[in-house]
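Good morning, and thank you for coming. I would like to take you through one structure, beginning with the overall fold and ending with a few individual residues.

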Amino acid sequence: MANAYEKGISVVAMSKPWGGCGITIGWLACEDKEMVQRMVDVQYFGTACVSRASEIQGRMVLRVSETILRERLDVILRNKALLQDFIENQYFEWFEWIRPNAGAIAFVKFKGPWSSAEFGKHLADEGISIKPAYCFADLVVADYFRVGFGEQKMPLALEALGKFVDAH
């Protein structure tokens, strides 16, 4: 984003790509030097320095970064292929999407008789959780919900969703 738009900001935190929960280290890139300084000034009041524990954990994670990222990317690519088959081949009459080019999150359109909030309620009654689009946007996008596909257990959730759709 930082190099795609003059005021774009790219942010990375160790908690997501590396699975480093609790590591409060990250960085950002922005071509607008004034904006960078404003963010530094604001951040200084919240955290003058990184905790020693986060620094040590961050170093440990970065030492094996290639291995961690390769494993996580393998999971993401495998799950994305499953999700693509689910949406585009198995249940195309119920779902559609624009395949994401990066990351492990997709917004999927539900083409059934309910809004995504209603769909989410019916799924919750069956023990399946989704996040309807209203959780992420002020815009009214009633037919969309978010699917994360970066976890190893995602195929089980997709299987449960398929069973729900088949039963209804």
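Let me begin with a definition: two residues are in contact when they have heavy atoms within 4.5 Å of each other. The model on the screen is a predicted one. With contact understood in that way, consider the contacts in the chain between residues at least 6 apart in sequence: 56% of them join residues at least 24 apart.

I turn to the overall fold. The chain contains five helices and six strands. Their order along the sequence is β-β-α-α-α-β-β-α-β-β-α.

As for dimensions, the C-alpha atoms of the chain occupy a box of roughly 55 × 35 × 30 Å along the principal axes. The radius of gyration is 19 Å, whereas a compact globule of 168 residues would have a value near 15 Å.

Next, the surface. Of the 168 residues in the chain, 27% are buried. The charged side chains number 19 positive and 21 negative, with 6 Å between the centres of the two sets.

I now come to the aromatic residues. A pair of aromatic rings is described by two quantities, the distance of the centres and the angle of the planes. The count of aromatic pairs in this model is 13. One of them joins F110 and F119: the ring centres are 3.9 Å apart and the planes stand at 5°, so this pair is stacked. Why does the pair count as stacked? Because planes under 30 degrees apart fall into that class, and the angle here is 5°.

Are these two residues buried or exposed? F110 has a relative accessible area of 4% and is buried. F119 is also buried, at 1% relative accessibility. F119 takes part in a further pair, with W114: here the centres are 6.2 Å apart and the planes lie at 25°, so this pair too is stacked. W114 itself is partly exposed, with a relative accessibility of 23%.

Which residues make up the aromatic cluster to which these rings belong? The cluster is formed by F86, Y91, W94, F95, F110, W114, F119, F145 and F164.

A117 belongs to helix 4, which covers residues 116–125. Its relative accessible area is 34%, so A117 is partly exposed.

Two further residues remain. What does S54 touch, if residues up to four places away in sequence are not counted? The residues are G22, I23, T24 and I25.

The other is C21, placed in the loop between strand 1 (9–13) and strand 2 (26–30). With 67% relative accessibility, C21 is exposed. C21 and F107 are separated by 86 residues in sequence and by 24 Å in space, from C-alpha to C-alpha.

To close, I return to two points. Thank you for your attention.

Terms used. Residues are numbered from 1 along each chain as its sequence is written. This is a predicted model: local features need pLDDT of at least 70, side-chain atom pairs count only at pLDDT 80 or more; totals for chains, interfaces and linings use all residues. Side-chain values use heavy atoms; hydrogens and water are left out. Rings of Phe, Tyr and Trp (its six-membered ring) pair if their centres lie within 6.5 Å; planes under 30 degrees apart count as stacked, over 60 as edge-to-face and the rest as tilted. Buried means under 20% relative accessible area, exposed over 50%, partly exposed in between (1.4 Å probe, protein chains only). Helices (H or I, at least four residues) and strands (E, at least two) are DSSP runs, numbered from the N terminus. The radius of gyration is taken over C-alpha atoms; the globule rule is 2.2 Å times the number of residues to the power 0.38. Lys and Arg count as positive and Asp and Glu as negative; His and the chain ends are not counted. The place of a charge is taken as NZ of Lys, CZ of Arg, CG of Asp or CD of Glu.
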